[in-house]
Amino acid sequence: MTLLSKPYPDELIGSVIARGAWHTGLPVKALVRDVFGPQRSYYSLLLGTGFSRLERMTGTDAEELLLSHTVFPYATAYMQLEIREVLKAKALKSSSSEDCLSSITKNVSHGVPYRRVCSLCIQEDMKTYGESYWHRQHHLPGVLVCLRHEVKLHVTTLQVRGRTQVRDSVLPNLIEHVPVETSLPLSQLLAIAKLSVQVLSETFQSESDLRQRLRSKAMELGYKRKSGDVAGHALSIALQRFHGAALLSETGSRLCQRAPWPTLMLQPNILVPFATPKYVLMQAFLEQSPSAAVTVESAYKKPGKLGTDFKRLDTRLSKRLQTAVQKAQQKNLRLTVKELLSGSGSWQIFRHKRKLLPKSAEFIVAFRKSEQSERQIGVRDYWRKRHPARFNQVASES
């Protein structure tokens, strides 16, 4: 049985295995089969499985490995206590043949597609331990700075998810990395990092209690409607402006138009479960954002049937009329005003609301004088050419 080193402070379990490959000189897949059994050829950087075997190989308690060296505490932070305990027992189960809880890390790993490092942490680790390792705090959604050194993290080309490859055993000091791209201020990034790390270290947190605190904080900041409810729509708009659409998308917290998650999160009677990154982003927003504008109600429309926007309708109708006339010219057709408007689907509204459609009315006046009009105003050359006998009879009678 291969022996692995004890984990360093805040080291991911996958990093322990990567260092084991370097120490033993074994190919990473061969080491994984030796650690987890012949049926396994891959491992997870963020969570892992087979903690009873890892306990013997690293000389570290299995529960300590799970809670201190994986993202399990972050991913399950706001789940119900009963569910969390069931997942914990499943993770610590002695059998290693089962793919253990990989689904619960999706809200973490999807927010961190590539491994991240802190250049100053690498220098300290090399000086202290003689080697570098992958830090857990650097691989949480929305964490773009190192909380210890207060500098931006760097991103590598190593993917967090996917099948295990030889290069997955590379340690941070041996791979190229570039600073993460973000325009958010350092103070805001530090607030997100601080809240994220707190989630890792705290014991069970009640989701309902947290949502009530967030709701009260939103009310204090002025996100309150005249009805007494939280102005969720206005708060959602402000939250997106604060964090930026890019960060929300990267952390799996993108807002939808009909029912944005901040609105649902602060509703007292809607018990929809939310992923941990959304709670972190909401807390960071409410702690750092200024008070809501006094025009919170302006973000809401009055209930009932909406009135017609005649200005917009007039612009669209005038363009449709122009297109219809151009098509008639190409086909050498002549139209009456009624035919023109009916073909554009606006005959009735134009008859009754002509004064509210000035652009369209002006176009119709010009159309009636054009050669495309069946009934021209003024000189009716087309009528004379089409009905010469009738024209001559009228002319002689007059």
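Leaving aside neighbours within four places in sequence, which residues is Ser109 in contact with? Select Ser109 in this predicted model, and you will find Leu46, Val160 and Arg161 in contact with Ser109 once those sequence neighbours are set aside. Ser109 belongs to helix H7, which covers residues 106-109, and it counts as buried because its relative accessibility is 4%, under the 20% limit for that term. Now show the side chains of Ser109 and Arg161, which make a polar contact at 2.9 Å.

Next, turn to the salt bridges, of which there are 7. Select Arg136 and Asp10, whose side chains meet in one of these at 3.6 Å, N to O. Arg136 lies in the loop between helix H8 (119-129) and strand E2 (145-146), and Asp10 in the segment before helix H1 (13-24), so this pair ties together parts that are 126 residues apart in sequence. Both of these residues, Arg136 and Asp10, are buried.

Continue with Arg19 and Glu131, a salt bridge in which the closest N and O atoms are 3.0 Å apart. Arg19 is in helix H1 and Glu131 is in the loop between H8 and E2, so the pair ties together parts that are 112 residues apart in sequence.

Finally, select Tyr223, Met282 and Phe285, the residues with the most contacts inside the largest nonpolar core, which has 60 residues.

Conventions. Residues are numbered from 1 along each chain as its sequence is written. This is a predicted model: local features need pLDDT of at least 70, side-chain atom pairs count only at pLDDT 80 or more; totals for chains, interfaces and linings use all residues. Side-chain values use heavy atoms; hydrogens and water are left out. Helices (H or I, at least four residues) and strands (E, at least two) are DSSP runs, numbered from the N terminus. Buried means under 20% relative accessible area, exposed over 50%, partly exposed in between (1.4 Å probe, protein chains only). A polar contact is a pair of N or O atoms within 3.5 Å; within protein, one must be able to donate a hydrogen and the other to accept it, and residues adjacent in sequence count only if both atoms are side-chain atoms. Contact means heavy atoms within 4.5 Å. A nonpolar core is a set of buried Ala, Val, Leu, Ile, Met, Phe, Trp, Tyr and Cys residues joined through side-chain atoms within 4.5 Å. A salt bridge is a side-chain nitrogen of Lys or Arg within 4 Å of a carboxyl oxygen of Asp or Glu.
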